[in-house]
Amino acid sequence: MSNANVKRVKSSEIEFKDRLVSIKRVTKVTKGGRTFSFSAIVVVGNENGVVGHGLGKAKEVTSAIAKGIDDAKKNLVKVPVLKGTIPHHTTGKYSGARVYIQPSAPGTGVIAGGAMRAVMESVGIKDVLAKSKGSSNPHSVVKATIDALTKLKDPYSVAQLRGVDLNTVFNG
């Protein structure tokens with residue numbers, strides 16, 4: 001995420017809702033036998049344009065989720081949300097995962113797969129069409145989705161940057 005328009009956000013003073021994307025039981029085989037632990041991927045967001053993802057690992061499920069939430073609050077980014085959808089279509093990639101996201105009309109709902117759906121709902125996007133291609137690994141899909149969302153440009157800032165009226169950006 002070495003994008004120029006990525007806006008980091010401080011986690012204090014914002015109320016977050018967390019969504020568990022996936023939880024897996026992982027095993028470490030040692031000389032003394034198998035050691036079980038849990039790995040949790042969590043997405044947090046304020047449902048108003050701020051989202052973050054995190055990974056937590058611990059011996060117990062609740063501890064893993066708590067660690068994931070803490071990690072997610074350290075990786076927050078700001079996303080432009082316009083009337084419940086996104087300003088324009090975009091693509092994102094991370095490792096083997098590729099995602100395509102496009103805006104849709106009000107009333108469409110969030111049409112996206114599991115890991116992408118959690119990210120979209122945490123951001124506060126109500127209407128969007130999304131497709132995940134390539135790897136379906138939830139780690140990669142979440143990171144690819146956040147990569148795509150950070151590439152979005154706010155129409156107001158684009159109009160200001162170009163030095164034109166807002167209607168020119170939308171109609172042109």
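Predicted model: local features only at pLDDT ≥ 70, side-chain atom pairs only at ≥ 80, totals over all residues.

Colleague: What makes Ala64, Gly68, Ile69 and Ala72 in helix 1 buried rather than exposed?
Modeller: Buried is under 20% relative accessible area, exposed is over 50% and partly exposed is in between, with a 1.4 Å probe and protein chains only. Ala64, Gly68, Ile69 and Ala72 fall in the buried class. Numbering starts from 1 along each chain as its sequence is written, and side-chain values use heavy atoms, leaving out hydrogens and water.

Colleague: What do the buried residues of helix 1 pack against?
Modeller: Strand 1 (17–30), strand 2 (33–45), strand 3 (50–58) and strand 4 (76–78). Contact here is heavy atoms within 4.5 Å. Helices (H or I, at least four residues) and strands (E, at least two) are DSSP runs, numbered from the N terminus.

Colleague: How do you know that strand 1 and strand 2 pair?
Modeller: Pairing takes at least two DSSP bridges between two strands. Strand 1 and strand 2 have 13, in the antiparallel sense, and one spot to look at is Val29, opposite Arg34 in strand 2. With two residues between them, the two strands form a hairpin.

Colleague: Why is Met116 called buried?
Modeller: Because its relative accessibility is 1%, Met116 counts as buried. Met116 is in helix 2. Skipping neighbours within four places in sequence, Met116 is in contact with residues including Val99, Tyr100, Ile101 and Thr145.

Colleague: And what is the largest nonpolar core?
Modeller: A nonpolar core is a set of buried Ala, Val, Leu, Ile, Met, Phe, Trp, Tyr and Cys residues joined through side-chain atoms within 4.5 Å. The largest one has 25 residues, and Met116 is among those with the most contacts inside it, alongside Ile101, Val119, Met120 and Leu149. Helix 3 gives the largest share, six residues. There's also a second, separate core of seven residues, including Phe16 and Leu76.

Colleague: What makes Glu47 and Arg19 a salt bridge?
Modeller: The rule wants a side-chain nitrogen of Lys or Arg within 4 Å of a carboxyl oxygen of Asp or Glu. For Glu47 and Arg19 the closest N and O atoms are 3.2 Å apart, and they form a salt bridge. Glu47 lies in the loop between strand 2 and strand 3 and Arg19 in strand 1, so the pair ties together parts that are 28 residues apart in sequence.

Colleague: Why is Glu47 called partly exposed?
Modeller: Because 28% relative accessibility puts Glu47 in the partly exposed class. Arg19, at 21%, counts as partly exposed too.

Colleague: How do you know that Lys151 and Asp147 form a salt bridge?
Modeller: Their closest N and O atoms are 3.6 Å apart, and the pair is a salt bridge. Asp147 is buried because its relative accessible area is 13%, whereas Lys151, at 34%, counts as partly exposed.

Colleague: How many salt bridges does the count come to?
Modeller: Five. One of the others joins Arg117 and Glu121, at 3.7 Å from N to O; both lie in helix 2, four residues apart, about one turn of the helix.
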